[in-house]
Amino acid sequence: DLSRRVQAAGRDELAMLAATFNQMLDSIETAYRLQQRFVADASHELRAPLTAILGNLDLLRRRPDLPPEEQAQALAEARREAERLSRLVADLLALARADAGVPLAIQPVDVDAVVLEAFQEARGLARGQELVLDPLEPVRIRGDADRIKQLLLILLDNAIKYTPAGGRITLGLRAGPDGGATLTVADTGVGIPPADLPHVFERFYRADPARSRDPGGTGLGLSIARWIVDRHGGSIAIDSAPGRGTTVTVRLPAEAPSAAG
Ligand code: ADP
C-alpha cells in the first residue's frame with residue numbers, strides 16, 4: 001500500500017528519516033501513476049487501429065458480393081491501419097527502452113555524416129516539399145549515432161507531415177562554441193497553435209490531427225526525441241507560429257554524459 005506514510009514528528013534523526021522515506025514513497029507513487037496512465041493510453045491507442053482492421057476484415061468476409069472498388073477500399077484501409085499499428089509498436093518499444101534506462105552507445109560521432117544520411121532518407125519520404133541542407137558544418141562529438149539519426153528522422157518526419165506540398169524544409173548543422181552541435185529543422189508548414197506548444201513533448205499529445213495531411217501520427221515522436229536529447233545532456237526548443245511554420249533547434253554538447261539515467 002503506497003498511500004501509507006511513516007509518522008515521526010520532531011527534529012531528530014528518526015523524524016528526518018521518516019520525512020525522507022515519505023518523500024521516496026511520494027515519488028514512487030507518482031512514477032507508478034504515470035506508468036499506469038501510460039499503459040492505459042497505450043492500450044487505448046493500440047485498440048483503435050485493431051478495431052479498424054478487424055472491422056474491415058469482417059466486412060470482406062461477410063460480404064463476398066461487395067463491388068471490387070469497395071473491397072479494394074476495405075483492404076487499403078486495413079493495410080493503412082496495420083501500418084499505423086506497426087509505427088505505434090515501434091514507438092512504444094523505443095519509449096519502453098527509454099523508461100528502462102537502456103544506456104546510450106557513446107562513441108565519437110561525425111554528426112555531419114549522420115545529418116547527411118538522415119537528409120537522404122527524408123528526401124525519399126517527402127511529398128512535394130523541397131528539402132534543403134543548409135549549413136552542413138563538420139562537427140564531431142561523443143554520442144550515440146543511431147539515436148541521433150532517429151532524432152533527426154523524427155523531426156524531419158514531422159516537418160514533412162505538417163508541411164503542404166510546395167513548402168520548404170531546411171535541415172542545418174552548425175558547430176557550437178563549446179565543440180557541440182546545433183541542429184535545426186525548419187519548415188514552412190502549418191505551425192503549432194500557442195495553446196498546444198507547451199504540450200507537444202507529452203506522450204500521445206497531438207494538436208488537432210485534422211491539420212495534418214497524414215493522420216498517421218502517434219503523438220510519441222517528440223517524446224522520443226526529447227528523451228534522446230536529454231540523455232545526451234542537450235536541449236531541444238521549438239519555435240512555431242500557425243501558418244508560418246516551425247523551427248526545432250537541438251543542441252548537443254561535445255560529450256554526452258555516460259551515466260545511465
Ligand atoms: P505525431 O506523431 O502526432 O507527429 P509528435 O510527438 O511527433 O507526434 O508531435 C506532437 C504534435 O506536435 C503533433 O501531433 C503536431 O500537432 C505537433 N507538431 C510536431 N511537429 C510539428 C511541425 N513540424 N509542424 C507542425 N506541428 C507539429
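Predicted model: local features only at pLDDT ≥ 70, side-chain atom pairs only at ≥ 80, totals over all residues.
1. Helix α2 covers residues 68-99, which is 32 residues. From its first C-alpha to its last, α2 reaches 46 Å, close to the 46 Å expected at 1.5 Å a residue. Just after α2, Gly 101 takes a positive phi of about 70°.

2. **The buried residues of α2.** Which residues of α2 are buried? They are Ala 74, Ala 78, Glu 81, Arg 84, Leu 85, Leu 88, Asp 91, Leu 92, Ala 94, Leu 95 and Ala 98. The list includes the charged residues Glu 81, Arg 84 and Asp 91. The buried residues of α2 pack against α1 (13-62), α4 and α5 (221-231).

3. **Lys 149 in helix α4.** Lys 149 belongs to α4, which runs over residues 145-161. Is Lys 149 buried or exposed? Its relative accessibility is 17%, and because buried means under 20%, Lys 149 counts as buried.

4. **The surroundings of Lys 149.** The side chain of Lys 149 makes a polar contact with the side chain of Glu 117, at 3.0 Å. Leaving aside residues up to four places away in sequence, Lys 149 touches Val 114, Glu 117, Ala 118 and Glu 121.

5. **The largest pocket.** The space in the largest pocket amounts to about 850 Å³. It is lined by 38 residues, of which Ile 154, Asp 157, Asn 158, Lys 161 and Gly 221 are the closest to its centre. Two or more lining residues come from each of α2, α3 (111-125), α4, β5 (181-187), α5 and β7 (245-252). Helix α4 provides the largest share, 8 residues. By class, the lining of the largest pocket divides into 19 nonpolar, 9 polar and 10 charged residues.

6. **The second largest pocket.** The volume of the second largest pocket is about 220 Å³. Its lining consists of Ala 31, Leu 34, Gln 35, Arg 37, Phe 38, Asp 41, Asp 99, Glu 202, Arg 203 and Phe 204. Which element gives the most to this lining? Helix α1 does, with 6 residues. The classes in the lining of the second largest pocket are 4 nonpolar, 1 polar and 5 charged residues.

Note on methods: Residues numbered from 1 in each chain as written. Heavy atoms only, no water. Helix = DSSP H or I, 4+ residues; strand = E, 2+ residues; numbered from the N terminus. Buried < 20%, exposed > 50% of the residue type's maximum accessible area, 1.4 Å probe, protein only. Polar contact = N/O pair within 3.5 Å; in protein donor to acceptor, adjacent residues only side chain to side chain. Contact = heavy atoms within 4.5 Å. Expected span 1.5 Å × (residues − 1). 1 Å grid on protein atoms, 1.4 Å probe; cavity = no way out; pocket = protein on both sides within 12 Å on 5 of 7 lines; lining within 4 Å. Points joined across faces, edges and corners; volume = space filled by probe spheres on them.
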